[in-house]
Amino acid sequence: MADGWKVDCVDNLVTGASENIVHLRRKESFQFLQHNVSEPLYIEGPVDAVLHFASPASPIDYADHPIATMKVGTLGTHNMLGLARAKSAVFFLASTSEVYGDPSVHPQPETYWGNVNPVGPRAVYDEAKRAAEAFTMAYHRTHGMATRIVRIFNTFGPRMRINDGRAVPNFLVQALNNEPITVYGKGSQTRSLCYVDDLIEGIVRLLATDYSDPVNIGSENEVTMLQLATLIRDLSGSSSGIVFKPLPEDDPKQRRPDLTRARQILRWEPTTSLDAGLNRTIAYFRERLRRGSN
């Protein structure tokens, strides 16, 4: 919007929060429509780009909404591709590092096809996103549509939900409440955490290219879950202990992007340190907890 775009924001609020856009809703260049994109969507007037980010993204969310997760990745993608084609718009798909599954190649380049359990508890998200990528490339090849695919690795920052269920919110809430911090398995599984502002910069740059193959966006700063829990506890000034629980089924053992493509095509790499990003996120969560908000 600061760059002069008019934005139509579409969300059914199954995991989104309307309070996140309160500061935008009074602006003439912003319009909110509460709608599930798994159902057809009609937008009047010209559209330059359709950015399809709709989907539950936390394991807790897609466990609670498995069919809706599959539908938004398949039917929702099909509907949004149809909208983009009707408007001669660029179609931008938010895919995920989950397409790599529990990877046997490390770090993960875009050329790696993945190691996904198609019938496991995470399959509704993983396979829906893989299908979404296939849908996108089919429209690109068949109809000559301008399409983009970003594979988003673990991202964090302000406006995450208190009850999101992913590692950073879980650890933060437990640490700020001085409760035991729950680490699954031995805590040796790794993630590479990218601060949200860096992620958005990469997305904006990708939208402006004419590159149709997938591009990884994330951080190469790989940490174990035990290291992350300890860091969050220390940065929060918490007295929490750490407790260990069994590792969930199909939880990936390691996750780190190969950013070669992002560097070459987008001239992009993250610039926010893990500590700096966590400190900003801690401040947000501390205020949310103080207000007693979910």
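Analyst: Helices (H or I, at least four residues) and strands (E, at least two) here are DSSP runs, numbered from the N terminus. The model is predicted, so to speak of a local feature I need pLDDT of at least 70, and side-chain atom pairs count only at pLDDT 80 or more, while totals for chains, interfaces and linings use all residues. Numbering starts from 1 along each chain as its sequence is written, and side-chain values use heavy atoms, with hydrogens and water left out.

Now the pocket. Helix 3 (123-143) and strand 5 (147-152) each give at least two residues to the lining of the second largest pocket. A pocket is an open set of points on a 1 Å grid over the protein atoms alone, with protein on both sides within 12 Å along at least five of seven lines, and lining residues have an atom within 4 Å of a point. This one has a volume of about 340 Å³, volume being the space filled by probe spheres (1.4 Å probe) set on the points. Its lining has 15 residues, with Glu110, Trp113, Glu133, Arg151 and Pro214 nearest the centre. Helix 3 supplies the largest share, five residues. By class, the lining holds seven nonpolar, one polar and seven charged residues; Asp, Glu, Lys and Arg count as charged, Ala, Val, Leu, Ile, Met, Phe, Trp, Tyr, Cys and Pro as nonpolar, and the others, Gly among them, as polar.

Helix 3 itself has 21 residues and reaches 29 Å from first C-alpha to last, close to the 30 Å expected, which is 1.5 Å times one less than its number of residues. Its buried residues (under 20% relative accessible area, 1.4 Å probe, protein chains only) include Tyr125, Asp126, Lys129, Glu133 and Tyr139. Among the elements covering its buried residues are helix 2 (66-86), strand 4 (90-96) and strand 5, contact meaning heavy atoms within 4.5 Å. Just after helix 3, Gly144 takes a positive phi of about 65 degrees.

Last, the aromatics. The structure holds six aromatic pairs, with ring centres within 6.5 Å; planes under 30 degrees apart count as stacked, over 60 as edge-to-face and the rest as tilted. Tyr100 and Tyr112 are stacked, because their centres are 6.0 Å apart and their planes at 20 degrees. Both are buried. Tyr100 also pairs with Phe153, tilted at 40 degrees with 6.0 Å centre to centre. Tyr100 lies in the loop between strand 4 and helix 3, and Phe153 in the loop between strand 5 and strand 6 (155-156), so this pair ties together parts 53 residues apart in sequence.

Conventions. Buried means under 20% relative accessible area, exposed over 50%, partly exposed in between (1.4 Å probe, protein chains only).
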